[in-house]
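Reader: Could you walk me through a structure I have just opened? I would like the pocket, then a bit of local detail.
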Amino acid sequence: MKNSSLAVLLTGVLLLVGCFPVELSVSKDGRVLIPRQEGFCVLATADKSQAKVVYTPKGEQPVWAAFAGDGKSFVAISQGKADMGDRGYTLRNVTMDGSAKSLTKLSNLLYARLSGDGARISLTRAADAESKTLGKKMPELLVVSAADGTTKTLLSDVAAMHRWTSDSKSILAVHVTAREKDSDQYAGKLVTVDPATGKTTDVASVLAGDKIFIDVSPDGGKVLLAALKVLPPTQAVPGKTEDKVALFEVDLKSGQVRLLKNKTLLGVYSPKGDRVLACTETTEGVMEVSVASGDMKTFTAIATDAAKSAGSSDIYPTWLDNETPLYIGLLAVYGTEAKNFRLLALSADGKTRRNFQPNIDLAVEEK
């Protein structure tokens, strides 16, 4: 399986490193949680854009973090450094004063999410053995108690990305059931997974490449899927297609599927669910950011400088608040072919932009 999240270390940027995609967590009061080489950094966008490195795991590399619902603490994942002889991942609860409590340690992690109620962390990891059905190592879905680190494996042969439903009662994941021979196209079902029993319920039929993007509306009624094909759960998808990745929306109650936007790598609901941010690759490594509101029939481009990836780690834009997309932009370095990364907030109409990178860099320098 292709690993889209190998270790990345870029000089002079905010990027998190490790084997996770770049997906920043935003609290309800507008703070942004940023895993960096120097530690876990919190940017307070509503307070003069002040930033502070809150916690630095000794001898480990920060790779992922998510705020608890009350914003008073966060769950952090860090990876042991190669030169220390340990590449395992450690999960911790961290308070804003920098106190940390270890929960558990795991290997081969690919992706993580914190449930909305803060009670559980869902994870995908590369399985130790090949799938008998698919003939290659596939991710498996786990759930970890945020209270005591108790860990349970729920489902094998899944896509790495997944989401909690808004009520924290189940996990949305793609269960892969077939693979086209000599192809990186996979057929399966979007399912809800009971975190207590592992029981699954079909939501939609899906055909995807080696990457898929999922998002759930804040009211829990709809799901966005960036995939090759998405159909109602009773219909079978083709084994292979020449179609490009597109953005689909699935109604969880009716099972109805609609195509929102062609050639689209990802889509994210705004905090109120009345807007959708979508990203389309325009040139190699660069994405156009567009926003749709209301009936989602018209997407308006607001930025053309979003970074698609850093090394082998994908970059996922999100929302700072309901009116403000948050993304990592590329800035050309004068006189060279190099480009720097910077964290940007852009109004949904594209007219107002804020650059938080100087504040983040200053916090790291003062650490």
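Author: What follows takes up the pocket, a hairpin and one aspartate in turn. This is a predicted model, in which local features need pLDDT of at least 70 and side-chain atom pairs count only at pLDDT 80 or more, while totals for chains, interfaces and linings use all residues. Residues are numbered from 1 along each chain as its sequence is written, and side-chain values use heavy atoms, with hydrogens and water left out.

Reader: How much space lies in the largest pocket?
Author: About 1300 Å³, a volume being the space filled by probe spheres set on grid points that are joined across faces, edges and corners. A pocket here is an open set of points on a 1 Å grid over the protein atoms alone, where a 1.4 Å probe fits, with protein on both sides within 12 Å along at least five of seven lines, and lining residues have an atom within 4 Å of a point.

Reader: And which residues lie nearest its centre?
Author: Of the 44 lining residues, Ser 25, Val 26, Arg 113, Gly 116 and Thr 318 do.

Reader: Thr 318, then: what stands opposite it in strand 29?
Author: Leu 326 does; strand 28 (residues 318-321) and strand 29 (residues 324-332) run antiparallel, joined by 3 bridges, and they form a hairpin with 2 residues between them. Strands are DSSP runs (E, at least two residues), numbered from the N terminus, and two of them pair if DSSP finds at least two bridges between them.

Reader: New topic: why does Asp 305 count as buried?
Author: Because its relative accessibility is 15%, and buried means under 20% relative accessible area (1.4 Å probe, protein chains only).

Note on methods. Helix = DSSP H or I, 4+ residues; strand = E, 2+ residues; numbered from the N terminus. Buried < 20%, exposed > 50% of the residue type's maximum accessible area, 1.4 Å probe, protein only.
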